[in-house]
Amino acid sequence: MKKTLVLGASPNPSRYSNKAVNRLVNKNYKVLAIGLREGIVAGVPIIKEKKLFDDIDSITLYLNPQRQKEYYDYIVSLNPKRVIFNPGTENPELYEILKENNIESEVACTLVLLGTNQY
């Protein structure tokens, strides 16, 4: 099963990143989560450190462009197939970095993609 990293995950059930983790788990995706606060969502531990995970298919972003800057090198180092920019995370600077590293960027809503079976 494809592995997704939720970057900007939150233990707060009202946050969209939290809903995304739940929906991904419910659809049987392998989910990893990094956030500003540790916690557990749908059995997935949210960690704070930038671990070097293997075989990441997708990174779905829930960080605003200012917060993304510290993750640029980390995202590239994971070499995902794609990075999904959820509403509010759009970042032309990061699109360019990804393009230079042959990583697809997609401006979309993870929840909509999952709900319409386009994930």
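In the hairpin of β3 and β4, 2 residues lie between the strands, and alanine 42 has a positive phi near 50°. The model is predicted: local features need pLDDT of at least 70, side-chain atom pairs count only at pLDDT 80 or more, and totals for chains, interfaces and linings use all residues. Residues are numbered from 1 along each chain as its sequence is written, and side-chain values use heavy atoms, with hydrogens and water left out.

Strands are DSSP runs (E, at least two residues), as are helices (H or I, at least four), numbered from the N terminus; two strands pair if DSSP finds at least two bridges between them. Strand β3 (residues 39–41) runs antiparallel to β4, joined by 3 bridges, and glycine 39 has isoleucine 46 as its bridge partner in β4. Strand β2 (residues 30–34) runs parallel to β4 (residues 44–47), with 2 bridges; here alanine 33 stands opposite isoleucine 46.

A nonpolar core is a set of buried Ala, Val, Leu, Ile, Met, Phe, Trp, Tyr and Cys residues joined through side-chain atoms within 4.5 Å, where buried means under 20% relative accessible area (1.4 Å probe, protein chains only). The largest such core has 20 residues, and Leu5, Phe53, Ile59 and Ile75 have the most contacts inside it. Elements giving two or more residues to this core include β1 (3–7), β5 (56–61) and α4 (92–100); α3 gives the most, with 4 residues. Apart from this core lies another of 18 residues, among them Ala20, Val44, Leu111 and Leu113.

Leucine 5 is in contact, beyond its neighbours within four places in sequence, with residues including Leu32, Phe53, Ile59 and Leu78 (contact means heavy atoms within 4.5 Å).

Definitions and conventions:
Buried means under 20% relative accessible area, exposed over 50%, partly exposed in between (1.4 Å probe, protein chains only).
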